[in-house]
Amino acid sequence: MAEQLTGYLQSADLLPQLQSGFRSGHSTETAVPRVLSDIMTAIDGGDVAALVLLDLSAAFDTVDHHILFRRLQTSFGLSGSVLHWFTTYLHGRSRYVRRGLMKSVVTMFVCGVPQGSVLGPFLFLLYTADLIALVERHGLCPHLYADDSQVYGSCRPSAIADVQLRQSA
């Protein structure tokens, strides 16, 4: 299923270019130089640059299934039996902890994607793909790698002085 989904998304050019996690040919070795190059270019041009590093805690566990299914439909064009397959893949999953002969109470997953699976990380990538457009709409540059996100931007030094003047007024 992962190969078919990847093939479809690549052929339709639907994979986010600024998401480097869980993709062939994309890694920290491609993400870090891109972000660093963009920041250094801004600084070399006399701009002031800022970088915010976001590391989402337990990110895979926070994926809302209803939002994921809606994104699979609207952002990636999945429907019918394919969307139903993903629904059954995630619905009704349970977990428990076992230590020796002792076992915890079984709890049902209401959100999250399976970690350690082939599809879990890929579903997380699709879940967060719209974050890139949101950041860009605010005039900033995003780059995502798995559950780590970099958001950065730059401006002329005079723009900082304007902001500082408005804050003190």
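1. His65 is buried, at a relative accessible area of 9%, where buried stands for under 20% relative accessible area, exposed for over 50% and partly exposed for what lies in between, with a 1.4 Å probe and protein chains only. The residue belongs to helix 3 (residues 65-74); helices (H or I, at least four residues) and strands (E, at least two) are DSSP runs numbered from the N terminus. Apart from neighbours within four places in sequence, His65 is in contact with Leu90, Val110, Cys111 and Gly112, contact being heavy atoms within 4.5 Å.

2. On the basis of these remarks: this is a predicted model, in which local features need pLDDT of at least 70 and side-chain atom pairs count only at pLDDT 80 or more, while totals for chains, interfaces and linings use all residues. Residues are numbered from 1 along each chain as its sequence is written, and side-chain values use heavy atoms, with hydrogens and water left out.

3. The axes of helix 3 and helix 4 come within 11 Å and cross at roughly 160°, the axes being lines fitted to C-alpha atoms, for helices over the stretch in contact, with angles running from 0 to 180 degrees between N-to-C directions. Helix 3 is therefore roughly antiparallel to helix 4, since angles over 145 degrees count as roughly antiparallel, those under 35 as roughly parallel, 65 to 115 as roughly perpendicular and the rest as oblique.

4. On the helix 3 side, His65, Leu68, Phe69, Leu72 and Gln73 meet Leu83, Phe86, Thr87 and Leu90 of helix 4. These contact residues divide into six nonpolar, three polar and no charged, with Ala, Val, Leu, Ile, Met, Phe, Trp, Tyr, Cys and Pro taken as nonpolar, Asp, Glu, Lys and Arg as charged, and the others, Gly among them, as polar.

5. Helix 1 and helix 5 (residues 119-128) pack at an angle of about 30° with their axes 11 Å apart, and they are therefore roughly parallel to each other. Their crossing is left-handed. Ala2, Leu5, Thr6 and Leu9 of helix 1 and Leu119, Phe122 and Leu126 of helix 5 make the contact, and these residues divide into six nonpolar, one polar and no charged.

6. Helix 5 is mostly covered, as 10 of its 10 residues are buried. The cover over these buried residues includes helix 1, helix 3, helix 4, helix 6 (130-137) and strand 6 (141-145).

7. Leu123 touches Leu68, Phe86, Tyr89, Leu90 and Val113, residues up to four places away in sequence not being counted.

8. Two further residues deserve a remark. Ser149, in strand 7 (residues 148-155), counts as buried at 5% relative accessibility. Asp13, in the loop between helix 1 (2-11) and helix 2 (28-44), is exposed, with a relative accessible area of 61%, and its phi is near 55°, a positive value in a residue other than glycine. Most residues other than glycine have a negative phi.

Definitions and conventions: A crossing is left-handed if the near helix is turned anticlockwise from the far one by less than a right angle, and right-handed if clockwise.
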